[in-house]
Amino acid sequence: MKGYRMVTILMILTVGLMFMGCAGKSGYMVTTTPVAGPSPDKALVYFMRPSSMGFAVNFQIWDGDHFAGLSQAQSYFVYECDPGTHLFIGIAENKVALEADVAAGKSYYVGTNVRVGWAKARMQLTPVTRGSELWDKVEEYKKSLNCVSAKEEERAKWEAAKKQVALALRDYFTTGEGKAQVLKLSKEDGR
C-alpha cells in the first residue's frame, strides 16, 4: 500500500511539473526583441497567450489566407498589417474567427486562450476591447511573456502547404455557417 501511494504521488507531481512553466516551442517561431510600436502607416496586432496549459499545441493564426504565425504558450507575437478590415482565423482542435477593423498607427490586442478539447487543446480568441477587464492588463502580460516572431522562410512554407484550408475557413466565416460566430474588434479598440 505504501508503494502504491508513493507511485501515485510521483505521477501527480510529474504531470503537474509538465504544465508548470512550460513555454511553447516551434521550428517556425523564434524569440525576438519586442516591437517598439506601430509605424504611422501600419497597425500592429498582438496575439498573446499567457497560459502554459496545452503548451505542446501551438495555435495557427491566419489573416484570411495569409499565415501570420503560431501562438505559443507563455508567448506573444506581433503581426503588422495594413489599416482596414482583417479576418483573423485561429486553428487548433477547433476553428475560431475575429473580424478586426484596425487603424494606422495603432496597436490592438487579442488573447489566444486555451480550452480543454477532445483530443488536444482548443482555442478561444478574446479581443481586448475598451472597457474590458483585460484592457489595463496587456502591458503587464507583455512584460511576462516571451516575444516571438515567425521565421519568414518557414512561415512562407507553412502558408503554401496549408493555404487551401485557410481559404475554406475564410469562406466558412465570411459567407457560411460560421459567419454568426465571428467576434469583433473595432478601430476604437486601438491604442
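**Note on strand pairing, aromatic contacts and salt bridges**

1. A hairpin of 6 residues connects β8 to β9. The model is a predicted one. Strand β8 covers residues 107-115, and strand β9 covers residues 122-127. The two run antiparallel and share 6 bridges. Within this pairing, valine 110 has proline 127 of β9 as its bridge partner.

2. Strand β8 also pairs with strand β2 (residues 43-49). Here the sense is parallel, over 5 bridges. Leucine 44 has serine 107 of β8 as its bridge partner.

3. Is β8 enclosed or open? Of its 9 residues, 7 are buried, so the strand is largely enclosed by the rest of the structure.

4. Next, the aromatic contacts. The count of aromatic pairs is 8. One of them joins phenylalanine 67 and tryptophan 158: the ring centres are 5.2 Å apart and the planes lie at 10°, so the pair is stacked.

5. Phenylalanine 67 has a relative accessible area of 0% and is buried. Tryptophan 158 has 13% relative accessibility; the cut-off for buried is under 20%, so tryptophan 158 counts as buried. Lysine 162 lies over the face of tryptophan 158, at 5.0 Å from the ring centre.

6. What is the geometry of the pair tyrosine 172 and phenylalanine 173? Their ring centres are 5.0 Å apart with the planes at 75°, so this pair is edge-to-face. Tyrosine 172 counts as partly exposed at 30% relative accessibility. Phenylalanine 173 counts as buried at 3%.

7. Two further ring features deserve a look. Phe47, Phe77, Tyr79 and Phe88 make up one aromatic cluster. Arginine 49 sits over the face of phenylalanine 59, at 4.1 Å from the ring centre.

8. Now the charged side chains. The structure holds 12 salt bridges. One of them pairs arginine 170 with aspartate 65, with 4.0 Å between the closest N and O atoms. Arginine 170 is in helix α3 and aspartate 65 is in the loop between β3 (59-63) and β4, so the pair ties together parts that are 105 residues apart in sequence. Arginine 170 counts as partly exposed at 30% relative accessibility. Aspartate 65 counts as partly exposed at 22%.

9. Glutamate 153 and lysine 157 meet at 3.7 Å, N to O. They are 4 residues apart in the helix, so about one helical turn separates them. Glutamate 153 counts as exposed, at 56% relative accessibility. Lysine 157 is partly exposed, with a relative accessible area of 47%.

10. Lysine 163 and glutamate 159 form a salt bridge at 3.4 Å, N to O. They too are in helix α3, 4 residues apart, so the separation is about one helical turn. Lysine 163 counts as partly exposed at 26% relative accessibility. Glutamate 159 counts as buried at 14%.

11. Which residues are linked in a network of salt bridges? The members are Asp65, Glu152, Arg155, Glu159, Lys163, Arg170 and Asp171.

Definitions and conventions:
Residues are numbered from 1 along each chain as its sequence is written. This is a predicted model: local features need pLDDT of at least 70, side-chain atom pairs count only at pLDDT 80 or more; totals for chains, interfaces and linings use all residues. Side-chain values use heavy atoms; hydrogens and water are left out. Buried means under 20% relative accessible area, exposed over 50%, partly exposed in between (1.4 Å probe, protein chains only). Two strands pair if DSSP finds at least two bridges between them. Rings of Phe, Tyr and Trp (its six-membered ring) pair if their centres lie within 6.5 Å; planes under 30 degrees apart count as stacked, over 60 as edge-to-face and the rest as tilted. A charge sits over a ring if NZ of Lys or CZ of Arg is within 6 Å of the ring centre and within 35 degrees of the ring normal.
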